[in-house]
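These are my notebook entries on a structure that I examined. I began with the surface and then turned to the fold and to one strand.

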Amino acid sequence: MTAPAPLSHAARRHLLGIQGLSPQDITALLDLAEAEVAVSRQTEKKKSVLKGRTQINLFFESSTRTQASFELAGKRLGADVMNMSVASSSVKKGETLIDTAMTLNAMQPDILVVRHHSAGAVALLAQKVACSVVNAGDGAHEHPTQALLDALTIRRHKGRIARLVVAICGDVLHSRVARSNIILLNALGAEVRVVAPSTLLPSGIEQMGVTVFRRMDEGLKGADVVMMLRLQRERMEGAFIPSVREYFRYFGLDAAKLAHAKPDALVMHPGPMNRGVEIASEIADGPMSVIEEQVEMGVAVRMAVIETLLDMAGDDR
Amino acid sequence: MIAAANRPLVIEKARIVDPSRGLDAVGTIVIEDGRIIASGPDALNQGRPEGADVIDGTGLAALPGLVDARVFIGEPGGEHRETIASASDAAAAGGVTSILTMPDTNPVVDDVAIAEFVMRAARDTACVNVFPAAALTKGLLGKEMTEIGLLAAAGVKAFTEGRKTLSDPALIRRIMTYARDFDAVVMHETHDAALAGRGVMNEGLFASWLGLPGIPAEAEIIPLERDLRLAALTRCRYHAAKISLGESASVVAAAKRKGLAVTAGVSVNHLSLNENDIGEYRTYLRLSPPLRREEDRQAMVAALADGTIDIIVSSHDPQDTDDKRRPFAEAESGAIGLETLLPAALRLYHVGDLPLLRIVETMTAAPAKLLGLDRGTLQPGAPADIALVDLDRPFVFTKDEIRSRSKNSAFENARFAGQVLRTLVAGRTVFLADD
């Protein structure tokens, strides 16, 4: 796999993507997140390491769960957290992005968590502000904390990532989750597969470090992890699939298809799910599903990321 | 403004590079009344004219002033981006002495009055020669053809939809058929907007990693093949304005082998850069057509060498910084290029890809021939449009030096060898480098 080198970034100050992180960086974040899980399970859930620090969640694209997860993560670390939702309709494209960045920068936050509908937008914003920036999803580019929480979930169940067979299924074309996961899982030595109709695969996918399948039964055969992607119906500007009915028939995860995976396989989904579209309810709620646990791991991973970035920023001062 | 100098002017001991007659030799250029009266190793056989001003050209190359056949300007309607005057200053600094301006202004250059406005504004404010191109269809709406005959008679040198591509093949056919009667050149950028969809860069692995929607090669090739078939049907003079793919060069070469009156151009961006240069979402490198794979860049260089591609253009396209400082997919496409056309093209000479005469030809004699101009040459009788260049002088192109009103250069902070030291238009110095 040769992901382009220019994507590397100032990994020590920002988390803009999984690209640019070393396997050691990733493992260190997962290890710290493991400790944060314990914190979140205590009755007293609040640490004071970020007392007096300010975290702003800036979401140009609406998201209930990711924003809540980051908010909780910041608060459990003791930071003051402010949420700013900028409705896409009122956004005058990037002009406002830069303007917003400058405005927020003047408020002296310590960390900005940013989601934007356009690939590269978070990196652009990061160039304009003095604080640390976490990418909470930029277009179809990356969603690094999702990949980290997925890895943490897998590791807690399987004890490792290396040599596991992970099948990522569905709308890879529009999925930042898929890109971040492909990079992370490869970095930690997993065997990564993607399963999708060709209309939902990006150009050059064969060179992205994955094996490509167009049939679920083949792609899931012997898989340790089945990672479903949300069918981004809101991004389907054209006819990528003929109908939801046909999509579910061929690519929706049901018991018959899942039977091809290993008996102890994990079923994952980044949420929010389209039940009956990419995943059957009985599977989503079934014994192999770790979807709820992913949500819990999300808070822990985000705590680890925020704490690490602010530690490093502190070191630089 | 382009009044002829009163006194004769002599450029001595310069390396005269004149592809119009295959000349590359040290010699002298003698200029009187704005025209070249002698040039070459033996130009002083008649003796130096009395009272002549002398420019010592030792160590410098004297090239015909460049003819840039694809320049977007903001005037009229977008003067905040570029005026005819500011574009002409940028051109002069780049050794470009003639520019063909694109018609997609506001209002559109689609009738004689607007074309005359451009020519008049140029006469009053520009220090280089400005030749307007006119639209193929009224208002660039793709419905009714413009008055090709009247516009050509008024001085319009070519017809093009600018950034746009016509999609109605019946209309293209009729325009080509009609244009042929006037021997008019139809210049067309071929981009199938429907096939490109929301694409913003070359489709492929790199775009996929960046999470950006891609533009497939076929979006350029399919309309190009259609046009070439219609050019064969109508026998009109057809110019593929800006090709960027090895496959496009192949179909142009095939059309040329059939004896069609077909020519092709490439932007200097597509000769010097590839998609990897976009790096981490550099919006100044969002171009149309998009920067392609390195294989395609090399194919463009090869096609230039073998004559499939006839001309290099800057495709100078000034855009507001505000329209460029956006997430990649939301940024305007286009880059300025008048000041970097020559130095960027000279890279091909310095790395040994192309001989100097051929590179210079593609920016002088070849575009002059395409547009029917008596320029792009240093032969006696021609207007004294000349660029004096230190071919080896290194420099870094910084934002502070940009003369264009817009600063969206694809070559910001690029290192070049080959600096323009003086530019003459009709014998008059319109640019002189500092120091």
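Entry 1. I looked up the surface of chain A, which exposes about 12600 Å², with 51% of it supplied by carbon and sulfur atoms; accessible areas come from the Shrake-Rupley method with a 1.4 Å probe.

Entry 2. I noted that this is a predicted model, in which local features need pLDDT of at least 70, side-chain atom pairs count only at pLDDT 80 or more, and totals for chains, interfaces and linings use all residues. Residues are numbered from 1 along each chain as its sequence is written, chains are lettered from A and ligands numbered from 1 in the order in which they are written, and side-chain values use heavy atoms, with hydrogens and water left out.

Entry 3. I found that 59% of the 317 residues of chain A count as buried (under 20% relative accessible area, with a 1.4 Å probe and protein chains only). The C-alpha trace of chain A spans about 55 × 45 × 35 Å along its principal axes.

Entry 4. I then turned to strand β1 of chain B, residues 9-18 (strands are DSSP runs of E, at least two residues, numbered from the N terminus). Eight of its ten residues are buried, so β1(B) is largely enclosed by the rest of the structure.

Entry 5. Which strands pair with β1(B), given that pairing requires at least two DSSP bridges? Strand β2(B), residues 23-32, runs antiparallel to β1(B) and is joined to it by eight bridges; Asp18(B) stands opposite Leu23(B). Strand β4(B), residues 53-56, runs parallel to β1(B), with four bridges, and Val54(B) is the bridge partner of Val10(B). Strand β5(B), residues 61-64, is also parallel to β1(B), with two bridges.

Conventions. Buried < 20%, exposed > 50% of the residue type's maximum accessible area, 1.4 Å probe, protein only. Pairing = 2+ DSSP bridges.
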